[in-house]
Amino acid sequence: LSVIMTIVLLVIQYLIAGAVAGVNPFKALRNMLPAYFTALGTSSSAASIPVTLRSTLNNKVDENVAGFVVPLCATIHLSGSMMKLTLYAFAIVFMANMDISTGTGLGFIFLLGIMMIAAPGVPGGAIMAATGLLASMLGFNDDMVALMIAAYIAIDSVGTAANVTGDGAIAMVVDKFARDKVDTLNDEEAETAA
């Protein structure tokens, strides 16, 4: 289920980015496949930065925009990891027949999103950043946290692949809004150099 959900997430991200940037979303997603497979093999957003950057440039994103967005998103954009963590946490809540209110569940999702900004772009970084929140907010005991870690690490690379591939969609949107400003800056730099 988590693999299918990350693929659905990517399709939605690229449909939105394609609509905003005015490009074919499926072609743009296909251009990002090298980054996807690199992240799938390394389980590391940070290690995938060079391939993600090259793939993003293949989508005609300005080099300055891509050079800013891709490294930044490698550390703060963890939508695939967050989706997996939420899915696994609520699966354990369901299996353990725990009584978690809707407000607590929504609060957990909100705080998890904030915590993912602090998670490092290394294998297993997201789950390790979330263990305190799982215990304090959802009431997970040590065994439940250990189950979360084991389940998450088993297919960590799928979430990481969704994260880095999604970085390309974010770069396309930022490029659309920054294109005029970047072109103006490039023109000013060329005039100054001449």
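User: I would like to begin with helix 3; which of its residues are buried?

Analyst: Since this is a predicted model, everything we say describes the model. In helix 3, which covers residues 33–42, the buried residues are Ala35, Tyr36 and Ala39.

User: Where do those buried residues fall when helix 3 is seen down its axis?

Analyst: The general idea is that an α-helix has 3.6 residues a turn, so residues three or four places apart point the same way. In this case the buried residues of helix 3 fall within an arc of 105 degrees, so they line one face of the helix. The face turned away from that buried side carries the exposed residues Phe37 and Gly41. Just after helix 3 comes Ser43, which takes a positive phi of about 60 degrees.

User: How many aromatic pairs does the structure hold?

Analyst: There are 2 aromatic pairs in the structure. One of them joins Tyr36 and Phe37 in an edge-to-face arrangement, with 5.5 Å from centre to centre and 90 degrees between the planes. Tyr36 counts as buried because its relative accessible area is 14%, and the cut-off for that word is under 20%. Phe37, as we saw, is exposed on the face of helix 3 turned away from the buried side.

User: What about the pair formed by Phe90 and Phe108, and which helices do these residues belong to?

Analyst: Phe90 and Phe108 are also an edge-to-face pair, at 6.0 Å centre to centre and with 90 degrees between the planes. This pair links distant parts of the chain, for Phe90 belongs to helix 6 (residues 79–95) and Phe108 to helix 7 (residues 102–118), 18 residues apart. Phe108 is buried, with a relative accessible area of 1%, whereas Phe90 counts as partly exposed because its relative accessibility is 28%.

User: How is the packing of two helices described, and at what angle do the axes of helix 6 and helix 8 cross?

Analyst: Two packed helices are described by the angle between their axes and the distance between the axes. Here the axes of helix 6 and helix 8 (residues 125–138) come within 12 Å of each other and cross at roughly 35 degrees, and the crossing is right-handed. On the side of helix 6, the contact is made by Ser81, Leu85, Ala89 and Val93, while helix 8 contributes Ala126, Ile127, Ala130, Leu134 and Leu138.

User: Is Asn163 buried or exposed, and with which residues is Asn163 in contact?

Analyst: Asn163, which lies in helix 10 (residues 156–193), is buried, with a relative accessible area of 1%. If we leave aside its neighbours within four places in sequence, Asn163 is in contact with Ser45, His77, Leu78, Ser79, Gly80 and Ser81. Ser81 also takes part in the contact between helix 6 and helix 8.

User: Over the face of which residue does Lys84 lie?

Analyst: Lys84 lies over the face of Tyr152, at 4.1 Å from the ring centre.

User: Finally, where do Lys60 and Asn97 lie?

Analyst: Lys60 is found in the loop between helix 4 (49–58) and helix 5 (63–76), and Asn97 in the loop between helix 6 and helix 7. Lys60 has a positive phi of about 65 degrees although it is not a glycine, and Asn97, likewise not a glycine, has a positive phi of about 55 degrees. Lys60 is exposed, with a relative accessible area of 65%, and Asn97 is exposed too, with a relative accessible area of 69%.

Terms used. Residues are numbered from 1 along each chain as its sequence is written. This is a predicted model: local features need pLDDT of at least 70, side-chain atom pairs count only at pLDDT 80 or more; totals for chains, interfaces and linings use all residues. Side-chain values use heavy atoms; hydrogens and water are left out. Buried means under 20% relative accessible area, exposed over 50%, partly exposed in between (1.4 Å probe, protein chains only). Helices (H or I, at least four residues) and strands (E, at least two) are DSSP runs, numbered from the N terminus. The arc is that of the directions from the helix axis to the C-beta atoms. Rings of Phe, Tyr and Trp (its six-membered ring) pair if their centres lie within 6.5 Å; planes under 30 degrees apart count as stacked, over 60 as edge-to-face and the rest as tilted. A charge sits over a ring if NZ of Lys or CZ of Arg is within 6 Å of the ring centre and within 35 degrees of the ring normal. Axes are lines fitted to C-alpha atoms, for helices over the stretch in contact, and angles run from 0 to 180 degrees between N-to-C directions. A crossing is left-handed if the near helix is turned anticlockwise from the far one by less than a right angle, and right-handed if clockwise. Contact means heavy atoms within 4.5 Å.
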